[in-house]
Amino acid sequence: MRMLMFLILFSLTSFANAEPTPRIEIQKVTDNVYALVGQRGPMSKWNFGTNATFGVVVTSEGVVLIDSGASDKAARYIHEQIKKITDKPVVLVINTGSEDLRWLGNTYFKSLGAKIITSKAALVHQHERASELLSRLDTIIFPQFSVGTDTTYADETFEKEKTITLGDTTLILKYEGPNYMPGDFYVWLPEESVAFSGDIVSTQRMLAVARVSDTDSWINVFKSMQALNPEHVVPGHGHATDINEAKADTLNYLVLLRQAVRNFIDSGGEIQDVRSLNQYPLSPYERLIGYDMLMGRNSLHVYMELEWE
Ligand SMILES: [Zn+2]
């Protein structure tokens with residue numbers, strides 16, 4: 001009897017102590033740079049909008065956070081991860097674009113005293129999408145989880161390029177034209193040779209082409225980032241990596257997708273059939289998470305874009 005009680009107690013305690021799957025993995029990139037790598041699947045009640053990769057730069061003046069998560073709960077969870085790295089305060093939040101994951105956690109960080117910056121074009125698009133994003137959040141993660149999430153916009157914007165110096169750290173924000181979304185840009189740390197790409201790069205996960213994406217310009221934006229020859233790329237989704245993997249999963253895919261859709265159009269393919277476009281050379285991308293979910297939609301959006309080119 002005593003043994004049975006012990007076994008029951010033991011199994012209860014070990015269950016309580018079991019490590020839950022982390023929603024975010026902390027990946028050290030350089031001495032002062034970290035990637036907070038969230039789930040690579042879609043937003044859900046479980047990840048409550050932490051399903052992207054966020055960047056952390058620890059400077060002598062405080063922490064710079066690149067992208068703030070898609071909900072108030074996500075922002076608080078991101079901050080918990082930052083506290084595991086450093087006890088310095090978050091002084092600056094950079095929103096690399098207008099996807100919900102990039103900026104809907106701003107309210108929390110603003111309440112801590114952080115300054116927020118984004119590009120002029122991203123700010124315009126954030127305003128346009130705000131109510132749609134908030135109601136989408138309610139339907140995906142349900143009101144009890146999205147509570148407290150509100151729109152807080154950047155305190156400062158820039159047009160093309162902005163250099164920020166915090167202590168010994170230099171960050172260069174570079175907007176090179178529309179890509180995944182109209183205002184998305186990347187952040188370049190010359191001394192550390194790190195590029196934070198936001199949604200310009202996805203690795204280990206199928207990238208999403210949105211209705212508003214400009215894939216032609218996206219290719220050029222990627223190439224301009226590549227020309228800096230970064231040693232590390234912290235993508236918008238996926239682990240921090242090098243430029244070769246970023247190129248394989250993003251640039252090469254975009255080039256092939258455009259070519260495949262162009263061939264489809266030239267051979268008389270109709271828009272209603274493009275979703276089933278799944279031909280070589282695109283089949284190698286089946287290895288990426290989310291391929292089945294996104295491939296049809298990506299083809300459709302590129303079709304609509306190429307019709308006008
Ligand atoms: Zn994204």
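**Notebook: burial, zinc site, cavities and pocket**

I started at Phe158, which counts as buried at 4% relative accessibility (buried means under 20% relative accessible area, exposed over 50%, partly exposed in between, with a 1.4 Å probe and protein chains only). Phe158 sits in strand 7, residues 156-158. I noted Leu173 as well: it is 15 residues from Phe158 in sequence and 8.5 Å away in space, C-alpha to C-alpha.

A note on the source: this is a predicted model, where local features need pLDDT of at least 70, side-chain atom pairs count only at pLDDT 80 or more, and totals for chains, interfaces and linings use all residues. Residues are numbered from 1 along each chain as its sequence is written, and side-chain values use heavy atoms, with hydrogens and water left out.

**Overall fold**

I counted nine helices and twelve strands (DSSP runs numbered from the N terminus, H or I of at least four residues for helices, E of at least two for strands). The radius of gyration is 21 Å, close to the 19 Å from the globule rule for 309 residues, so the protein is as compact as a globular protein of that length. That radius is taken over C-alpha atoms, and the rule is 2.2 Å times the number of residues to the power 0.38. Along the principal axes, the C-alpha atoms fill a box of roughly 75 × 55 × 35 Å. Of the 309 residues, 54% count as buried.

**Zinc site**

Which protein atoms hold the zinc ion? I found Glu99 (OE), Glu99 (OE), Asp199 (OD) and His237 (NE2), at 2.1 to 2.5 Å. Donors are N, O and S atoms within 2.8 Å of the metal (3.2 Å for Na, K and Ca); water is not among the atoms, so sites may look incomplete. Angles among the four donor atoms run from 56 to 138°, and the site is irregular.

The chain spacing of the donors is E-x99-D-x37-H. Glu99 is in the loop between strand 5 (90-94) and helix 3 (100-103), and Asp199 is in strand 11, so the pair ties together parts 100 residues apart in sequence. Glu99 is buried at 8% relative accessible area. Asp199 is buried at 5%.

**Cavities**

I searched the whole structure and got two cavities of 30 Å³ or more. On a 1 Å grid over the protein atoms alone, a cavity is a set of points where a 1.4 Å probe fits but cannot get out; a pocket is an open set with protein on both sides within 12 Å along at least five of seven lines; lining residues have an atom within 4 Å of a point. Points are joined across faces, edges and corners, and a volume is the space filled by probe spheres set on them.

The largest cavity holds about 40 Å³. Its lining includes Glu99, Asp199 and His237. Strand 3 (53-59), strand 11 (194-202) and strand 12 (232-237) each supply at least two of its lining residues.

**Largest pocket**

I read a volume of about 700 Å³ for the largest pocket. Of its 28 lining residues, Glu99, Arg136, Tyr180, Ala208 and Arg297 are the closest to the centre. Helix 5 gives the most to the lining, five residues.

Note on methods
Four donors count as tetrahedral if all angles lie between 85 and 135 degrees; four count as square planar and six as octahedral if opposite donors are over 155 degrees apart and all others between 65 and 115; anything else is irregular.
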